[in-house]
Amino acid sequence: MPYILSYGQEQDLNRVIAHFWIPLVFYAGIFYINYFIIIDRFLFIKKTWQFIIINGVLIAFFLLLKEQIEDIFFQELARKSSKNSEKVGPPLKILIYIQTLSYMAPLLFSIAIKTTKRWVKTEAERKEAANYKLQSELQHLHYQLQPHFFFNSLNNIYALVDSSPEQAKTSIHSLSKLMRYMLYETNMELVPLSKEIDFMKKYIDLMKLRVSDKTEVTYSFPSEDTGIKIAPLLFISLIENAFKHGVSASKESLINIAMTCEEESVLFIIENDNFPKKTDDKSGSGIGLKNLEKRLQLLYPNKHSFKTIVKDERFLVTLEIET
């Protein structure tokens with residue numbers, strides 16, 4: 001810009017100060033005044049006209065101040081410029097137009113930087129709020145699942161107290177181990193799948209204590225450590241549901257549970273006879289499956305498949321998760 005303003009003139013020290021350093025100071029003034037004060041107080045709160053007027057006055061002030069400084073401190077330079085004005089240099093109107101545009105540059109630059117910074121901050125706050133909401137909701141679902149699991153397990157143990165006191169004692173001991181895992185090892189975002197498998201095996205063995213010989217339970221889990229980590233307590237609701245709705249006191253029943261792993265994918269299939277509970281039976285209340293569906297939506301969006309079907313009086317659940 002100083003070279004445009006002093007086109008065809010010898011670049012002595014005074015000319016550099018007048019046409020470079022002084023405008024540079026004014027450019028910086030416009031930039032920082034807008035960046036720290038005007039943009040926040042007017043532009044970002046939709047006072048656009050006030051913002052335009054204030055900057056117009058500010059630019060006009062700096063243009064007049066620059067001319068006053070040149071007249072007072074650089075009189076010799078002004079005389080040389082007037083003598084050479086007929087030979088070289090742009091006309092006065094173009095000169096004013098170019099100077100005004102040059103003062104617009106730091107203004108636009110400050111708007112761009114401030115807007116970008118504000119957008120980055122807003123986006124970070126939005127993501128933080130969304131993450132906080134997600135974690136709060138997941139924590140609520142997790143705490144909701146614990147008493148639901150404990151309540152159902154106590155119901156099962158209660159059924160053994162009169163018929164088989166020794167089995168009831170064993171069940172209480174097994175339940176204490178399961179609750180220890182739920183309370184102290186499931187607070188993490190992810191747990192090894194091997195720990196979940198061990199937890200499910202113990203729970204199945206606990207549930208088998210209360211069913212009659214008419215109920216056959218089979219399960220198959222990966223025998224080796226897969227190295228996969230997964231959100232805790234995703235499968236337990238499905239096993240609970242199978243024992244609640246797939247067992248009859250008078251009829252034979254079969255529960256098949258199978259889990260397979262392939263690379264980063266986990267496939268869990270559970271099949272049981274379908275003995276729907278009466279509408280007035282509140283022992284299960286259906287919290288478990290609703291809880292599971294909500295957690296899957298939050299934890300594995302577009303990375304899971306959850307299907308349930310009833311066919312030939314058999315209830316089949318298929319859950320596939322990409323970890």
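Me: Is Leu233 buried or exposed?
Reply: Buried means under 20% relative accessible area, exposed over 50%, and partly exposed in between, with a 1.4 Å probe and protein chains only. Leu233 has a relative accessible area of 1%, so it is buried. This is a predicted model: local features need pLDDT of at least 70, side-chain atom pairs count only at pLDDT 80 or more, and totals for chains, interfaces and linings use all residues. Residues are numbered from 1 along each chain as its sequence is written, and side-chain values use heavy atoms, with hydrogens and water left out.

Me: Where is Leu233 found?
Reply: Helices (H or I, at least four residues) and strands (E, at least two) are DSSP runs, numbered from the N terminus. Leu233 is in the loop between β3 (229-230) and α8 (236-245). Its phi is near 60°, a positive value in a residue other than glycine.

Me: Which value does phi of Lys46 have?
Reply: Phi of Lys46 is near 70°, again positive in a residue other than glycine. Lys46 lies in the loop between α2 (13-41) and α3 (48-73). Lys46 counts as exposed, at 73% relative accessibility.

Me: Which residues does the "transmembrane region" annotation cover?
Reply: UniProt positions follow the numbering used here, feature names are shortened, and annotations may be inferred rather than shown by experiment. The unreviewed UniProt entry gives 20-37, 49-65 and 94-113. Residues 20-37 are 100% helix and 0% strand, with end C-alpha atoms 25 Å apart. Residues 94-113 are also 100% helix and 0% strand, and their end C-alpha atoms lie 29 Å apart.

Me: How many aromatic pairs are there?
Reply: A pair of aromatic rings is described by the distance of the centres and the angle of the planes. Rings of Phe, Tyr and Trp (its six-membered ring) pair if their centres lie within 6.5 Å; planes under 30 degrees apart count as stacked, over 60 as edge-to-face and the rest as tilted. The count comes to 11. One of them is Phe31 with Phe109, tilted, at 5.7 Å centre to centre and 35° between the planes.

Me: Which parts does the pair of Phe31 and Phe109 tie together?
Reply: Phe31 lies in helix α2 and Phe109 in helix α5 (residues 92-163), so the pair ties together parts 78 residues apart in sequence. Phe31 is buried at 14%, whereas Phe109 is partly exposed at 48%. Ring pairs link Phe31, Tyr32, Tyr35, Phe36 and Phe109 into a cluster.

Me: Which charged end sits over the ring of Tyr35?
Reply: A charge sits over a ring if NZ of Lys or CZ of Arg is within 6 Å of the ring centre and within 35 degrees of the ring normal. Here Lys114 sits over Tyr35, 4.5 Å from the ring centre. Arg118 lies over the face of Phe44, at 4.2 Å from the ring centre.
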